Amino acid sequence: MDINDKKLFIYKNINNINNHNVIIDYIKNNDIKYTHNNNGFFVNISLIDDHIDNLYNILQYYININNNEELII
């Protein structure tokens with residue numbers, strides 16, 4: 001899967017996990033720029049190519065252990 005496919009996977013599946021704390025901690029600990037307001041927590045994934053593999057792997061892991069729902073690919 002190339003980086004653009006991983007970005008799309010992240011975009012389509014981020015809401016398939018119940019707890020986003022690990023992803024938020026990763027973003028904060030790696031000084032990734034984000035916006036947090038009344039509408040939620042936002043990261044421009046088009047600007048963080050160096051972290052896409054890690055975020056993809058974290059998301060894959062939590063989807064696989066916490067959800068039995070079908071993944072959107």
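This is a predicted model: local features need pLDDT of at least 70, side-chain atom pairs count only at pLDDT 80 or more; totals for chains, interfaces and linings use all residues.
Q: Which residues of the largest nonpolar core touch the most other members?

A: A nonpolar core is read as a set of buried residues joined through their side-chain atoms. Here the largest such core has 14 residues, and Ile10, Ile23, Leu55 and Leu59 touch the most other members. Two or more residues come from each of helix H1 (3-13), helix H2 (21-29) and helix H3 (49-66). The largest share, 6 residues, is that of H3.

Q: With which residues is Leu59 in contact, leaving aside its neighbours within four places in sequence?

A: With those neighbours set aside, Leu59 is in contact with Phe9, Ile10, Asn13, Ile14, Ile17 and Ile23. Two of these partners, Ile10 and Ile23, are named with Leu59 among the core residues that touch the most other members.

Q: How many salt bridges are there?

A: A salt bridge is read from a side-chain nitrogen of Lys or Arg within 4 Å of a carboxyl oxygen of Asp or Glu. By this rule the model has 2 salt bridges. In one of them Asp53 pairs with Lys6, and the closest N and O atoms are 2.6 Å apart. Asp53 lies in helix H3 and Lys6 in helix H1, so this pair ties together parts that are 47 residues apart in sequence. Lys7 forms a salt bridge with Asp49, with 2.5 Å between the closest N and O atoms. This pair, too, links distant parts of the chain, for Lys7 is in helix H1 and Asp49 in helix H3, 42 residues apart.

Q: Which residues lie nearest the centre of the largest pocket?

A: Rolling a probe the size of a water molecule over the atoms shows where empty space is left. In this model the largest pocket holds about 410 Å³ of space. Its lining comprises 16 residues, and Ile10, Ile14, Phe41, Phe42 and Val43 lie nearest the centre. At least two lining residues are supplied by each of H1, H2, strand S2 (40-42) and H3.

Q: How many residues of that lining are nonpolar?

A: The lining divides into 12 nonpolar and 4 polar residues, with no charged residue.

Note on methods:
Residues are numbered from 1 along each chain as its sequence is written. Side-chain values use heavy atoms; hydrogens and water are left out. A nonpolar core is a set of buried Ala, Val, Leu, Ile, Met, Phe, Trp, Tyr and Cys residues joined through side-chain atoms within 4.5 Å. Buried means under 20% relative accessible area, exposed over 50%, partly exposed in between (1.4 Å probe, protein chains only). Helices (H or I, at least four residues) and strands (E, at least two) are DSSP runs, numbered from the N terminus. Contact means heavy atoms within 4.5 Å. On a 1 Å grid over the protein atoms alone, a cavity is a set of points where a 1.4 Å probe fits but cannot get out, and a pocket is an open set with protein on both sides within 12 Å along at least five of seven lines; lining residues have an atom within 4 Å of a point. Grid points are joined across faces, edges and corners, and a volume is the space filled by probe spheres set on the points. Ala, Val, Leu, Ile, Met, Phe, Trp, Tyr, Cys and Pro count as nonpolar, Asp, Glu, Lys and Arg as charged, and the others, Gly among them, as polar.
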